[in-house]
Amino acid sequence: MERADTHLEATLQELNDRVYALENGGDPSELMEAYVNRGSVLAMMEYRTSAMEDLESAAEIASSLGEDAVDAGTFVKIYTTLASLQFDQGGDPVEEYAVAAERVAELRDTSLHFDRRSIVRMCIAACENLIDSEHSEDCGPFLDRGLSAASGGDPWSENRRMDLQCLAAEAADSLNDPKECIRWYTEAVETGSRLIENGTLEDPESLVMALVMRAGAEADIGLEELGVTDLTVAVQILEGMLEMHGLPDKDPLISLHHDLAGALMKLGRVEEAEKHLIRAMEIGVGEYAGEVDIEVHGPDGSNFRSDMER
């Protein structure tokens, strides 16, 4: 970390010298790029106010030059970095992202400030920030460009593709569009399933989450049987991880068994529900002290209750 900080400080000093030189009569396009570069370094060093000042200066120059005279990479870099800084400081980044969205489709591997992977990472961050800021409706351009850039077929691209598909589903869910939500989670599950079969899924729990979220969306529109199937697969994945000693925290698996038991009870499949409750208690032995008290309501209002002394 100290070596990285030293490198950033040295880079910042070089950029300071360049900005000062260009401010005294340099080419406006070069000054704009210098502001963008220095603002990006300042942002990495968490000097957010100074970073925003540089990027706002770059935006003013870009506006004076005209959109056609500014590389799409520079244009998008200015406004997505401003948006990210705004978000980090508790502000609403939607206006800055809206401006960036005007040209995000123009980004290419050869654009200034971007390559294919950084395009994907930027699009993921933009979608995350927009969703967290309750502007899911503005994710579209970033989802489209991110998915296009993540189409390389290599493991990194496919894992990022799954991330974007989950974000698209999350955006649809926040916009109360369950069918679109299910469609995107289905694509994410298909991508994740291919990756896990090939042994290249970076985070198996991301596939579990996609299955769980799809199950919830399915239950919301009356597709409880499909929801139970998804929860069952999610349980099987975590059970496999537990068996291979790859599940550091057992709580998600315990909770998932409970959720599956509840879903089965709603369908009147009491015996199956009981098996999952018992399994949850087996996994939990030694995890908690005292009495475990589990209560699940059946479709007729009856209770299935199990107590276990540890």
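**Figure 1. Contact between helix H6 and helix H8 in the predicted model.** Arg116, Arg117, Val120, Arg121, Ile124, Cys127, Glu128 and Ile131 in H6 meet Trp156, Ser157, Arg160, Asp163, Leu164, Leu167, Glu170 and Ala171 in H8, where contact means heavy atoms within 4.5 Å. By class, this contact of H6 with H8 has 8 nonpolar, 1 polar and 7 charged residues. Here Ala, Val, Leu, Ile, Met, Phe, Trp, Tyr, Cys and Pro count as nonpolar, Asp, Glu, Lys and Arg as charged, and the others, Gly among them, as polar. Helices (H or I, at least four residues) are DSSP runs, numbered from the N terminus. The model is predicted: local features need pLDDT of at least 70, side-chain atom pairs count only at pLDDT 80 or more, and totals for chains, interfaces and linings use all residues. Residues are numbered from 1 along each chain as its sequence is written, and side-chain values use heavy atoms, with hydrogens and water left out.

**Figure 2. Packing geometry of H6 and H8.** Two packed helices are described by the angle between their axes and the distance between the axes. H6 (residues 116-132) and H8 (residues 155-174) pack at an angle of about 20°, and their axes are 10 Å apart. Axes are lines fitted to C-alpha atoms, for helices over the stretch in contact, and angles run from 0 to 180 degrees between N-to-C directions. H6 and H8 are therefore roughly parallel to each other, a term for angles under 35 degrees, with angles over 145 counting as roughly antiparallel, 65 to 115 as roughly perpendicular and the rest as oblique. H6 passes H8 in a left-handed crossing, in which the near helix is turned anticlockwise from the far one by less than a right angle.

**Figure 3. Buried residues of H6.** The buried residues of H6 include Ser118, Ile119, Met122, Cys123 and Leu130; buried means under 20% relative accessible area, exposed over 50%, and partly exposed in between (1.4 Å probe, protein chains only). What covers the buried residues of H6 includes H4, helix H5 (94-101), helix H7 (140-149) and H8.

**Figure 4. The loop between H6 and H7.** Glu134 lies in this loop. Although Glu134 is not a glycine, its phi is positive, about 65°. Glu134 counts as exposed, at 69% relative accessibility.

**Figure 5. Helix H3 and the residue that follows.** H3 (residues 48-65) has 18 residues and reaches 26 Å from its first C-alpha to its last, close to the 26 Å expected at 1.5 Å a residue. The expected span is 1.5 Å times one less than the number of residues. Among the buried residues of H3 are Ala51, Leu55, Ala58 and Ala62. Helix H2 (28-44) and helix H4 (72-88) are included in what covers the buried residues of H3. H3 is followed by Gly66, whose phi is positive, near 95°.

**Figure 6. Helices H11 and H12.** H11 (residues 224-243) and H12 (residues 251-266) pack at an angle of about 155°, with axes 10 Å apart. That makes H11 roughly antiparallel to H12. H11 passes H12 in a left-handed crossing. The contact of H11 with H12 has 12 nonpolar, 2 polar and 2 charged residues.

**Figure 7. Surroundings of Leu195.** Leu195 is in helix H9 (residues 178-198) and counts as buried at 4% relative accessibility. Leu195 and Pro155 are 40 residues apart in sequence and 7.5 Å apart in space, C-alpha to C-alpha.

Definitions and conventions: Helix = DSSP H or I, 4+ residues; strand = E, 2+ residues; numbered from the N terminus.
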